[in-house]
Amino acid sequence: MSDNARILCPVLSKRLMSAEEAAELIPAGANVGMSGFTGAGYPKAIPGALADRIRRLNAEPNAKPFRINVWTGASTAPELDGVLAEVDGIEMRLPFQSDPICRSRINNGTMDYVDYHLSEVSQYAWSGFLGKMDIALIEVAGIREDGSLIPSSSIGNNKTWIEQADKIILEVNSKQNAKLEGMHDVYYGTALPPNRKPIMLTDPSDRIGEKYLACPPEKVIAVVETAAPDRNSPFKPSDDVSKKIAGHILDFFNKEIELGRLPKELLPIQSGVGNIPNAVLEGLDAGPYKGLTAFTEVIQDGMLKMLKSGTLKVASATAFSLSPDGIAEFDENIDFYRDKIILRQQDISNHPELARRLGVIAMNGLIECDLYGNVNSTHIMGTRMMNGIGGSGDFARNGYLSIFVSPSTAKDGAISAIVPMVSHVDHTEHDVKIIVTEQGLADLRGLSPRQRAHEIINKCAHPDFRPALIDYYERALHSGRGMHTPHLLEEALSWHQRYEETGQM
């Protein structure tokens, strides 16, 4: 029996074992649901032990490849995705990843990858579309006397994994702040059609669920103790490009308030992860705004600063995504943040109906946008997966405002983010309302395709590429083909082809 104060259930304390012993319980071919969302709350020890086992078994003479299928909440960390991908231990991965080794295997065809809207993964698993989940491997901050679980720094799909898995393995991480207890809101009112009921959440501050994850003790086959930090990547300081993009967005917000289309407290903010979103948050914090709310996926450093200053009064998410400095700030002042941060499972944090009803302002990144507002946020040159769609589609289609941001060029100016036609479509023109680069902001609301083309070229394209875009559009316009959305089919993807051949669009 453990003397660890994090494991208070007598039954489960008897199932303590090493990470190596727990890894032996995961069979080849298993569907394994793992905790983790944007580098927070993922299992730290067992994936590495499993990778060692896979490496050893695959080195045996006449060995049959040992692989598993990995389902998570979103991206994890090198200690999970990286180590398993390195030994070719993942057959299929879903729904979102950001690991370079995973990305390489996906793009060279040695790993299958299914890219889903994050709000839909729980339903897919629950409905049986993905097959049976064999094992759930979940990190928690503690186990209570009754066997219920204190979630750690992310919830993600953990509720669904625990419910759907035949067997459960728990990692109890004492490195997670014990005062996380009580910050979570796990909603047990969901159902499959036709039995769904309205979700009674009308404000980001509402609590509608439980503080703990329910877990049948009889399903738990192993408990492993760990003491390891989350993947905490530092954010780069805001550069001139990020600051210009943020400035355009803030000017837009101010104009919308003046026109009476936004309240002075704005609407609930959703923000993707990265330096540009953080720059926007910094700009909001430096502005005249007070009493804002966030209904989003992740709590970033910028949101902690906004909570501290009073710019933001509450932040609802499913996970943290903090730098080392952000973690230190959170741990030092967790008593202050406890009643201002709510962590929910991702089928609630990303719920399309909630995003629509709350009127979320969605801000997400793009890889490229075409003349008419179609956005590619996942594929490089149409074929190579970057990370995945994540939650951007959940919010873009359903938010009150869908804002997509990017520098106007990439690869030291070799690539234009504004192209004649995107090489892959994640967000159609129907879901994209605002495009922003450091060059300017294009408000596409109420515009026809040809009007959108003028707005995007003149406001968002880099001056080095603007003449070529105008030339393409004008020739398409006078080509004698359809005038609603003018294109030259023989040239629409020629920019991408030219880059593949020469390294320059």
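Analyst: Helices (H or I, at least four residues) and strands (E, at least two) are DSSP runs, numbered from the N terminus. The model is predicted.

User: Where is the place of Pro194?
Analyst: Start with the bond before it. Pro193 and Pro194 are joined by a cis peptide bond, with omega about 10°. Pro194 itself sits in the loop between strand S8 (184-185) and strand S9 (220-226).

User: What is the phi of Asn62?
Analyst: Asn62 lies in the loop that runs between helix H3 (46-58) and strand S2 (68-71). Asn62 is not a glycine, yet its phi is positive, at about 60°.

User: How do H3 and H4 lie relative to each other?
Analyst: The axes of H3 and H4 come within 8 Å and cross at roughly 10°. Angles under 35 degrees count as roughly parallel. The crossing therefore makes H3, relative to H4, roughly parallel.

User: How many residues of each class make the contact of H3 with H4?
Analyst: H3 brings Pro47, Gly48, Leu50, Ala51 and Ile54, and H4 brings Glu79, Leu80, Val83 and Leu84. Sorted by class, the contact of H3 with H4 comes to seven nonpolar, one polar and one charged.

User: Are H4 and H5 parallel or oblique to each other?
Analyst: The axes of helix H4 (residues 78-86) and H5 come within 8 Å. They cross at roughly 45°. The two helices, H4 and H5, are therefore oblique.

User: Is the crossing of H4 past H5 left-handed or right-handed?
Analyst: Here is who touches whom. Asp81, Gly82, Ala85 and Glu86 of H4 meet Ile101, Cys102 and Arg105 of H5. By class, this contact of H4 with H5 has three nonpolar, one polar and three charged residues. As for the hand, H4 passes H5 in a crossing that is left-handed.

User: At what angle do the axes of helix H8 and helix H9 cross?
Analyst: H8 covers residues 240-258 and H9 covers residues 275-286. Their axes come within 8 Å, and the crossing angle is roughly 50°.

User: What hand does the crossing of H8 past H9 have?
Analyst: Take the contact as a whole. Ser242, Ile245, Ala246, Ile249, Leu250 and Phe253 of H8 meet Asn275, Ile276, Ala279, Val280, Gly283 and Leu284 of H9. Nine of these residues are nonpolar, three are polar and none are charged. The crossing of H8 past H9 is right-handed.

User: How much space lies in the largest cavity?
Analyst: Rolling a probe the size of a water molecule over the atoms shows where empty space is left. Across the whole structure, the search finds one cavity of 30 Å³ or more. The space in the largest cavity is about 30 Å³.

User: Which element gives the largest share of the lining of the largest cavity?
Analyst: The lining is made by Ile249, Ser271, Ile276, Pro277, Val280, Met363, Asn364 and Val405. Two elements give two or more residues each: H9 and strand S16 (361-365). The largest share, three residues, comes from H9.

User: How do the residues of the lining of the second largest pocket divide by class?
Analyst: For the lining of the second largest pocket, the division is five nonpolar, six polar and six charged.

Key. Residues numbered from 1 in each chain as written. Predicted model: local features only at pLDDT ≥ 70, side-chain atom pairs only at ≥ 80, totals over all residues. Heavy atoms only, no water. Axes fitted to C-alpha atoms, helices over the stretch in contact; angles between N-to-C directions. Left-handed = near helix turned anticlockwise from the far one by under 90°. Contact = heavy atoms within 4.5 Å. Nonpolar A, V, L, I, M, F, W, Y, C, P; charged D, E, K, R; others polar. 1 Å grid on protein atoms, 1.4 Å probe; cavity = no way out; pocket = protein on both sides within 12 Å on 5 of 7 lines; lining within 4 Å. Points joined across faces, edges and corners; volume = space filled by probe spheres on them. Parallel < 35°, antiparallel > 145°, perpendicular 65-115°, else oblique.
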